[in-house]
Amino acid sequence: LSKVNVVLVRDLDMNNKAWNAKKVSNATFDGQGHSISNLKASNVQCTGLFPDAISVTIKNLTIKNSTMTAEDDGKQNAYAGGFIGRCYGTNIVENCVLDHCIVQGINKVGGIIGFNAENTVTIKDCTIKGSTIKTDDTKTEHGQCGGIIGYVGNVYGGTSLISGNYIIDSKVEATPNTVEAESHRYNSIYVGAFQGTDGDKLT
């Protein structure tokens, strides 16, 4: 799916039917203040409303009472985000709400975005409430888990903005179960891990 503009004109109930969208690029999704509820997203490697995104904008949207689960790709990689699982390019999520949802993967898991790499990301005026953001602690390499974003890496001089966001009555769970796992485990109420961002500006 690429070069499209989606405008939501009413609330949408997915009735827990499987959602397995693939790669989305150069697209805009405007929720216009509406909600998507009872979304059940499950994909190998990366999952979310947009599992794999390149230069997309999502705004004015609430996702509620939904579950996003990223499955192991065979190499202990499973990236999950409420709105975007993994993204490259220039991505914006603005004025969005994750309401009473579960977002789960193995590594790089976030309430808004799981895995952001290369160039610029903006997450502004978003809210996570009543939700659980967690990693599968049965795996060795797990973690990089944050309430807003799981992982920010290699933004190559871009300016990334994470501002005006709120986390309310929510849990971020990434607990190592072995000594080896400790070296891979990073978690935070906001951003799980930074890597390769020297010289970049994150505000």
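Which residue in E18 stands opposite isoleucine 113? Hold that thought, everyone, and I'll come to it in a moment.

First, some housekeeping. This is a predicted model, so to speak of local features we need pLDDT of at least 70, and side-chain atom pairs count only at pLDDT 80 or more, while totals for chains, interfaces and linings use all residues. Residues are numbered from 1 along each chain as its sequence is written, and side-chain values use heavy atoms, with hydrogens and water left out.

Now, back to the strands. Strands here are DSSP runs of at least two residues, labelled E and numbered from the N terminus. The answer to my opening question is isoleucine 149. Strand E14, residues 113-124, pairs with E18 in the parallel sense, over four bridges; to count as a pair, two strands need at least two bridges in DSSP. E18 itself covers residues 149-153, and five of its five residues are buried. Buried, by the way, means under 20% relative accessible area, with exposed over 50% and partly exposed in between, using a 1.4 Å probe and protein chains only.

Let's look at the open sheet next. Six strands make it up, in the order E3-E5-E8-E12-E16-E21, with parallel pairing. E3 (18-19) and E21 (171-173) are the edge strands with a single partner each, so one side of each has no neighbour in the sheet. Further in, E8 (residues 67-71) and E12 (residues 102-105) are joined in the parallel sense by three bridges. There, methionine 68 has valine 103 in E12 as its bridge partner.

The structure holds four aromatic pairs. For a pair, rings of Phe, Tyr and Trp (its six-membered ring) need centres within 6.5 Å; planes under 30 degrees apart are stacked, over 60 edge-to-face, and the rest tilted. One of the pairs is phenylalanine 29 with phenylalanine 50: the centres are 6.3 Å apart and the planes at 65 degrees, so we call it edge-to-face. Phenylalanine 29 belongs to strand E4 (residues 23-37) and phenylalanine 50 to strand E7 (residues 50-64), so this pair ties together parts 21 residues apart in sequence. Both phenylalanine 29 and phenylalanine 50 are buried.

Another pair is phenylalanine 115 with tyrosine 151, whose ring centres are 5.0 Å apart with planes at 85 degrees, so this too is edge-to-face. And here we meet our opening strands again: phenylalanine 115 lies in E14 and tyrosine 151 in E18, so the pair ties together parts 36 residues apart in sequence. Phenylalanine 115 is buried at 10% relative accessibility, and tyrosine 151 is buried at 5%. Together with Tyr79 and Tyr88, these two form one aromatic cluster.

What sits over the ring of tyrosine 151? The charged end of lysine 108, 4.6 Å from the ring centre. Lysine 108 also lies over the face of phenylalanine 115, at 5.4 Å from that ring's centre. The criterion is NZ of Lys or CZ of Arg within 6 Å of the ring centre and within 35 degrees of the ring normal.

The side chain of lysine 108 has a polar contact too, of 2.8 Å, with that of glutamine 144. That term means N or O atoms within 3.5 Å; within protein, one must be able to donate a hydrogen and the other to accept it, and residues adjacent in sequence count only if both atoms are side-chain atoms. Glutamine 144 is placed in strand E17, residues 143-146, and is buried at 12% relative accessible area.
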